[in-house]
Amino acid sequence: MNPHRPGRTAIAPALLTVTALLALSACGTSEADSATGAASTVTVRIPDPGNSGVLAVGKKDGSLDKALGKAGAKVEWTGSAGPFAPAAQAMNADQLDFATGSITSGVTSLAQRPGFKFFTAVEPDAAGEGILVRNGSGIDSVAALVGKKVAVNQGGTGEYLLLKALAKAGIPADKVQRVYLRPDQTAAVFNAGKVDAWAVWATYAVAEIGSGKAHFVADGAAVGSDNYSLNAVRTGFADKHPEIVEALYRYLHDASVREKKNPAAYLNVFTDVGPTAVTGKALQVQTAIIAKGGTVDPIGPEDVERFEAVARFYAEQKVTQGQVDVASHLLDVEKLT
């Protein structure tokens, strides 16, 4: 039983599949896979974490390199953190070893080609995700979305949250127009009134709520979201370096516990000014969301049941062609070494 998560039992490790490979350049063998000698240092390629979160702190103070160094590894920060689908494609192309995403985007990736494994889970963010509307829009319920335009990221968290909200309210999905947009391009469209609502998660919702101009008409708790946050590792890396994956999990778990207790220490890690800084009311909103959130833990049987509920819902809603088998595509991080 997991000492960090009472009542959870382990699951059997298995292979995970991922989204189709895009035309990405330079698909050579990584340093991580070429390290062979006991004295060699293995490089773990991780998206740059930006200005907030446990990885940002780990980058700034060197604590992540120190923790992974005990397992013979070091970090190479590459690219930037963002939507999971491009990260999955990068892992498929042997350009990235680790990434964070959601079970919703994970399910659509699982319907495609193998390239990574999920090895940890954070319980759904009941407070930080939902259906965002502008103050004064007149939309005061999910039912009021009928005939409206709602921005969502296709096959990911946004589309899931909207469909879940509509299903719970007994509203046919075709009664609301889904507008497919990249989340990093949606704020301007939303604020210009070109869409009536935005199904979104904390990464983008905090700034809008913090501005005092928008609020959730229904949050994750209200729609009954099963949208876990997950950490993924490239399959080839996990196969060759299980001790490093285990060390990374331990670091993420312990740091997430500290973050939940003291959220402010994990915000504005590098700077408290500029576009990456969280300030004013947004800082208060983000701090409250982190304090209410979960921690990074191994994947237990009860989590898998909820993953499968997402996969079943996606199949019912025709987001995927048939139900994706999630359970057979998970890694038991507590049985790696």
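Reader: What makes about one helical turn the separation of Glu246 and Arg250 in helix H11?
Author: Glu246 and Arg250 are four residues apart in helix H11 (residues 242-261), and therefore about one helical turn lies between them. The model is predicted.

Reader: Why is the meeting of the Glu246 and Arg250 side chains called a salt bridge?
Author: The N to O distance is 2.8 Å. The cut-off is 4 Å between a side-chain nitrogen of Lys or Arg and a carboxyl oxygen of Asp or Glu, so the pair qualifies. By this rule the chain has 10 salt bridges.

Reader: Does Glu246 count as buried or exposed, and why?
Author: The relative accessibility of Glu246 is 19%. Buried means under 20%, so Glu246 counts as buried.

Reader: Why is Arg250 called partly exposed?
Author: Arg250 has a relative accessible area of 27%. Partly exposed covers what lies between buried, under 20%, and exposed, over 50%, so the term applies to Arg250.

Reader: What makes Arg45, Asp94, Asp97 and Arg234 one network?
Author: The salt bridges of these four residues share partners, and that joins Arg45, Asp94, Asp97 and Arg234 into one network.

Reader: How do you know that the side chains of Arg45 and Asp97 meet in a salt bridge?
Author: Their N to O distance is 2.9 Å, and the limit is 4 Å, so the pair counts. Arg45 is in strand E2 (residues 42-48), while Asp97 is in the loop between helix H4 (84-92) and strand E4 (98-102).

Reader: How do you know that the side chains of Arg234 and Asp94 meet in a salt bridge?
Author: The N to O distance here is 3.5 Å, which is also within 4 Å, so Arg234 and Asp94 form a salt bridge. The pair links distant parts of the chain, with Arg234 in strand E12 (residues 229-234) and Asp94 in the loop between H4 and E4, 140 residues apart. Arg234 and Asp94 are buried.

Reader: Why do E4 and strand E6 stand at the edges of their sheet?
Author: The order in this open sheet of three strands is E4-E12-E6, with antiparallel pairing. E4 and E6 (116-122) each have a single partner strand, so one side of each is left without a neighbour in the sheet. On average, neighbouring strands of this sheet are turned by 30° against each other, direction ignored.

Reader: How do you know that E4 and E12 pair?
Author: Five bridges join E4 to E12, and the two run antiparallel. Pairing needs at least two bridges, so E4 and E12 pass. Ala99 has Ala232 in E12 as its bridge partner. Helix H5 (residues 103-110) packs on this sheet and touches E4, E6 and E12; the direction of H5 makes about 110° with that of E4.

Reader: Which residues make the contact between H5 and H13?
Author: H5 packs against helix H13 (residues 301-316) at an angle of about 65°, the axes being 10 Å apart. The crossing of H5 and H13 is right-handed. H5 contributes Ile103, Thr104, Val107 and Thr108, and H13 contributes Phe307, Val310, Ala311 and Tyr314.

Reader: What makes both faces of strand E10 covered?
Author: In E10 (residues 197-200), Ala197 and Ala199 lie on one side, Trp198 and Val200 on the other, and all of them are buried.

Reader: How do you know that strand E7 pairs with E10?
Author: E7 (residues 130-134) and E10 share four bridges in the antiparallel sense. The requirement is at least two, so this is a pair. Leu132 stands opposite Trp198 in E10.

Reader: Why is strand E8 called a partner of E10?
Author: Two bridges join E8 (residues 149-152) to E10, and the strands run parallel. At least two are required, so E8 meets the rule. Val150 has Ala197 in E10 as its bridge partner.

Methods. Residues numbered from 1 in each chain as written. Predicted model: local features only at pLDDT ≥ 70, side-chain atom pairs only at ≥ 80, totals over all residues. Heavy atoms only, no water. Buried < 20%, exposed > 50% of the residue type's maximum accessible area, 1.4 Å probe, protein only. Axes fitted to C-alpha atoms, helices over the stretch in contact; angles between N-to-C directions. Contact = heavy atoms within 4.5 Å. Left-handed = near helix turned anticlockwise from the far one by under 90°.
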